[in-house]
Amino acid sequence: MCALGLDLNVGAPRVFTSGGVPSPDGVIITEGGAFIITESGVDMLAFEPTGNVTRSYANSDSTLLLTVTGSSAAFTWSAVGGAIDYKLVIGIVGGTTINPLYTPPLQSGTLDLNAYFTSGDVLYAYLGTQTSIGGPYSGGPPISGITF
């Protein structure tokens, strides 16, 4: 495994182990895609950059699934019998809403959330289904609390 280290002891005497190896205290290292700050050989703080985090969401009946990695949102949904159109509704409560349309048999879509929203916004999403031309879209259970 390759690790990157940043010494936080700039201008301070460098501590060495009994074997003559520089001590890992007071350094930031990367390990498995996470950043770790060490002190006395103990991991004191570990965090992952937001862009490397994958979050998964599902609505209450698991008919709409979402995976968010960075600002990329990948939606998949269960087929609805008789559907002629699907409308994915994604938005901020009281704010911006987008409604991309998908025609069956398509049961997935990927969007760049940065194109419509700001990182840190808390979003909701639900799938609307149309079963007759010109008819209304019936909405399924929503996913709420989506972040990127």
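**View 1. The hairpin of E6 and E7 carries a positive phi at Gly70.** In this hairpin, 2 residues lie between the strands, and Gly70 takes a phi near 65°. Strands here are DSSP runs (E, at least two residues), numbered from the N terminus. The model is predicted: local features need pLDDT of at least 70, side-chain atom pairs count only at pLDDT 80 or more, and totals for chains, interfaces and linings use all residues. Residues are numbered from 1 along each chain as its sequence is written, and side-chain values use heavy atoms, leaving out hydrogens and water.

**View 2. E6 and E7 run antiparallel.** Joining them are 6 bridges. Two strands count as paired if DSSP finds at least two bridges between them. Val68 has Ala73 of E7 as its bridge partner.

**View 3. The side chains of strand E7 alternate between two faces.** E7 spans residues 72-77.

**View 4. E5 pairs with strand E6.** The two run antiparallel, and 5 bridges join them. E6 covers residues 64-69. Ala58 has Leu65 in E6 as its bridge partner.

**View 5. E7 also pairs with E11.** The sense is antiparallel, over 5 bridges. Phe75 bridges to Gly109 in E11.

**View 6. Four strands form an open sheet in the order E5-E6-E7-E11.** The pairing is antiparallel. Strand E5 (54-58) and strand E11 (108-112) stand at the edges; each has a single partner strand, so one side of each is left without a neighbour in the sheet. Neighbouring strands of this sheet are turned by 15° against each other on average, direction ignored. The axes are lines fitted to C-alpha atoms.

**View 7. The chain around the sheet has 14 strands and 0 helices.** A helix would be a DSSP run of H or I with at least four residues. Of the 148 residues in the chain, 28% are buried. The chain exposes about 8,500 Å², and carbon and sulfur atoms supply 58% of that area. Areas come from the Shrake-Rupley method with a 1.4 Å probe. Contact means heavy atoms within 4.5 Å. Among contacts between residues at least 6 apart in sequence, 43% join residues at least 24 apart.

How values were computed: Buried means under 20% relative accessible area, exposed over 50%, partly exposed in between (1.4 Å probe, protein chains only). Axes are lines fitted to C-alpha atoms, for helices over the stretch in contact, and angles run from 0 to 180 degrees between N-to-C directions.
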